[in-house]
Amino acid sequence: MPASTPGDAHGFRRRGVLFVLSSPSGAGKSTIARLLLADEPELDMSVSVTTRPPRENEVEGRDYHFVDLEEFRRMVADDEFLEWAHVFGHRYGTPRGQVEAMIAAGKDVLFDIDWQGAQQLFQIAGGDVVRVFIFPPSMTELRARLERRGTDAQDVIDARMERAANEVSHWDGYDYVLVNDDVERCFAGVKTILAAERLKRSRQTGLIGFIRRLTR
Ligand code: 5GP
């Protein structure tokens with residue numbers, strides 16, 4: 001995917017980072033994502049489309065675009081998704097147009113998607129993608145967090161716990177793994193990853209001009 005952000009004083013330009021955060025639900029990924037977006041003006045969130053009904057506190061267009069199955073199928077048929085997957089009996093997908101617009105505007109893009117999404121995005125955009133997986137400190141703690149959150153019924157929580165074990169088993173499809181036993185520490189780790197990834201030579205696209213001027 002062509003991606004480049006405005007250059008700095010030295011004429012450096014760089015390709016945008018497609019930054020994927022995955023974790024079992026309840027491991028604190030949403031908190032980390034919120035902190036990151038508040039702290040990083042060059043980073044925008046990809047808002048997914050889902051057939052899951054909204055939870056009580058969720059807002060259309062902010063948390064998800066909520067659609068029915070028919071509309072989701074139409075979007076798949078019209079190739080409107082960069083990636084999509086079945087998760088917990090519902091469908092979730094990343095709308096292509098929105099991500100392309102963010103990249104064109106010189107932004108890095110944050111994705112809260114599962115391992116299937118991370119895998120598909122990596123197939124499409126390889127070197128632009130950075131995949132980060134956040135582990136809960138323990139499965140007991142994960143269940144406690146889901147219960148404290150109070151947004152899901154007990155059978156949904158049981159299903160999420162089962163799903164969590166499956167999600168965790170895909171750790172080897174990620175570039176970085178972190179344990180969220182302390183939100184501030186985990187957040188600092190995620191920020192460090194983003195900062196280092198932005199500086200990677202392979203993302204810098206204005207280097208030749210700079211080197212020519214440097215060695216003239
Ligand atoms: P929830 O229903 O708790 O909001 O999300 C359930 C799971 O779906 C989470 O693991 C989340 O990362 C994943 N998910 C959300 N949006 C997308 C998407 O667009 N694509 C994929 N592949 N997974 C998504």
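How far is an oxygen atom of the ligand from an N or O atom in the side chain of Tyr64? I began my notebook with that one, and the distance came out at 2.5 Å. A note to myself before going on: this is a predicted model.

**Entry: around the ligand**

I listed the residues around the ligand and got 17, of which Ser48, Arg52, Tyr64, Tyr92 and Asp112 come nearest. I then looked up two more of these by their side chains. Arg52 places a polar side-chain atom 2.6 Å from an oxygen atom of the ligand. For Asp112, a polar side-chain atom lies 2.7 Å from a ligand oxygen atom. Next I checked how covered the ligand is: taken alone it exposes 520 Å², and the protein buries 95% of that.

**Entry: the pocket and its shell**

I asked where the ligand sits, and the space it takes is the largest pocket. Two elements give two or more residues to the shell around the ligand, and I noted them as strand E5 (81–87) and strand E6 (90–95). I sorted the shell residues by type as well: 6 are nonpolar, 4 polar and 7 charged.

**Entry: salt bridges**

Side chains of opposite charge can pair when their charged atoms come close. I counted 28 salt bridges here. One that I followed up joins the side chains of Asp152 and Arg55, at 3.6 Å from N to O. This pair links distant parts of the chain, 97 residues apart. I found Asp152 in the loop between helix H5 (139–149) and helix H6 (154–168), and Arg55 in the loop between strand E3 (49–50) and strand E4 (65–66).

Key:
Residues numbered from 1 in each chain as written. Predicted model: local features only at pLDDT ≥ 70, side-chain atom pairs only at ≥ 80, totals over all residues. Heavy atoms only, no water. Near = heavy atom within 4 Å. Polar contact = N/O pair within 3.5 Å; in protein donor to acceptor, adjacent residues only side chain to side chain. Areas by Shrake-Rupley, 256 points an atom, 1.4 Å probe, with all protein chains shown as cover. 1 Å grid on protein atoms, 1.4 Å probe; cavity = no way out; pocket = protein on both sides within 12 Å on 5 of 7 lines; lining within 4 Å. Sits in = over half its atoms within 2 Å of the grid points. Helix = DSSP H or I, 4+ residues; strand = E, 2+ residues; numbered from the N terminus. Nonpolar A, V, L, I, M, F, W, Y, C, P; charged D, E, K, R; others polar. Salt bridge = Lys/Arg side-chain N within 4 Å of Asp/Glu carboxyl O.
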